[in-house]
Amino acid sequence: MPSEPLHPSKPNPGFHSDRRKPSLSGATRLAKRIIACLDVDAGRVVKGIQFQQLRDAGDPAALARAHAAAGADEIVLLDITATSDGRKTLVETVRRTARELFVPFTVGGGVRTLEDAARIFDAGADKVSINSAAVANPALIGEIAARFGSQAVIVAIDARRGAGPAEAAEVYVSGGRTATGKKALAWAREAEQLGAGEILLTSMDRDGTGAGFDCALTAAVAGSVSIPVIASGGAGNAQHFVEVFSAGQADAALAASIFHFSTPNFGANPMAELKQTLLQAGIPMRWPC
Amino acid sequence: MIAIVDYGAGNISSVRKALEHLGAAAQVTSDPAVIAAAQKLIVPGVGHFNRCQVLNQSMRSPVLEAIKSGTPFLGICVGMQWLFAGSTEAPETPGAALFAGECSRFPASVKSPHVGWNQIEIGSGSRLLKGVSNGAFVYYTHSYRAPVVAETAACTNYGGAFSAAVERDNVFGVQFHPEKSAEAGLKVLENFCAL
């Protein structure tokens, strides 16, 4: 592995302009991904503190575009609408958000059946994230993968371990309200075998606290599967991302509120500050975007 | 008019949206007559190589005839892999064999699928990648990849070098998703539209 990321603005020393074929310096590196998450309730972006106390942060289509322009590698729209009337707006929200978005776009929260997934893909999503529905009906993972490909299926796992070890982390469903008795590590492995393309792991212990990702849990899940793991829950400052990409072995990290609001730990352009800090720490990043 | 060939592969609406954004007229079709009459062809794709069975059934000859007559062709992801002889992902499904070699799975030494933004090393003189910086990041999601061949216009290293882009005369292919690769990807599509 090369020790330094190849910076786009630097000429590649192994490259000879008199050859048509690219030289094979082997210097390319897969970047770790920063994913901006939009929690959406009835068509509006909100963000909860530990799944409660929501506050409004704007229009999903405009926010998604703004995040992509700022350098987000991927956008996740998570529908947290509780009422069936509100849920009817999801497909239209997805369509509006996808229209002018040219980075990968995932939708979660409203997908319970293969038909739900098909409507979401038709509206312009690249991936769906399934959580409670996958626990209730694990065959759904394979059904969506068979029709749309494994790359289009993210299994989201909400896990809580309290003071216990990572191996003890338990899977919760229904927005974190219902314990399932399933162990997070075993469920991640099962989801991979059933056809999931990625795991989105949310630490319920850390979500909304700003105290940092649960690196031990993330590393345990990443070590249990061979598909990419997206870490979520607890992002509060740039160092937390450095930790989750190194000690936590995450392939991607997801956060919501720190990209929506100016916080004491980030200034006017949180994405740029975050990516520069990560590059300085030796984490490969897509930057400049 | 650019014909986006519909054979049940997943990313058709994303490709169409990107072309609309660039102001290019595009039509999604599986009609051999429309394919034959198109000024340019895009075969998108994502997912399993066995999807190419559908492509091979009724659309193979009009697509290959159009290529032979000089129609600019762009294959994306599985659509690029189809330009090779085939893939070990679906050995019973032949590719177009316009480029030598077979697509194969990533080695066990790296995580598969290869998901995310990786860099491309670009050869000189590529028309498709003109204006894209050497070392630019593009978005990938795939478990199989095409070998580096004489026509490789760009490569990426992930468990060894593979073809990120191929280019010969009017035939182009990209393993990455230009429709999901932000400015770098839109530049690739813009270059194709301008051919």
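I began with strand β1 (residues 2-5) of chain B, which pairs in the parallel sense with strand β3 (residues 40-43) of chain B over three bridges. The model is a predicted one, and I read what follows with that in mind. Looking for the partner of B:Ile2 in β3(B), I found the bridge to be with B:Lys40.

I then followed the whole sheet of chain B, which is open, has eight strands in the order β2-β1-β3-β4-β13-β12-β11-β8, and shows mixed pairing. Its edges are β2 (26-29) and β8 (121-122) of chain B; each has a single partner strand, so one side of each is left without a neighbour in the sheet. Next I looked at helix α3 (residues 52-68) of chain B, which lies across β1, β3, β4 (73-76) and β13 (171-174) of chain B and runs at about 145 degrees to β3(B).

Of the contacts in chain A with a separation of 6 or more, 63% are between residues 24 or more positions apart.

In chain A I looked up one helix pair, α4 (residues 114-122) and α6 (residues 139-148), whose axes come within 10 Å and cross at roughly 40 degrees. The two helices, α4(A) and α6(A), are therefore oblique to each other, and the crossing is right-handed. From α4(A), A:Leu114, A:Ala117 and A:Phe121 meet A:Leu140, A:Glu143, A:Ile144, A:Arg147 and A:Phe148 of α6(A). Sorted by class, this contact has six nonpolar and two charged residues, and no polar ones.

Note on methods: Residues are numbered from 1 along each chain as its sequence is written. Chains are lettered from A and ligands numbered from 1 in the order in which they are written. This is a predicted model: local features need pLDDT of at least 70, side-chain atom pairs count only at pLDDT 80 or more; totals for chains, interfaces and linings use all residues. Two residues are in contact if their C-beta atoms, placed from the backbone, lie within 7 Å. Two strands pair if DSSP finds at least two bridges between them. Helices (H or I, at least four residues) and strands (E, at least two) are DSSP runs, numbered from the N terminus. Axes are lines fitted to C-alpha atoms, for helices over the stretch in contact, and angles run from 0 to 180 degrees between N-to-C directions. Angles under 35 degrees count as roughly parallel, over 145 as roughly antiparallel, 65 to 115 as roughly perpendicular and the rest as oblique. A crossing is left-handed if the near helix is turned anticlockwise from the far one by less than a right angle, and right-handed if clockwise. Ala, Val, Leu, Ile, Met, Phe, Trp, Tyr, Cys and Pro count as nonpolar, Asp, Glu, Lys and Arg as charged, and the others, Gly among them, as polar.
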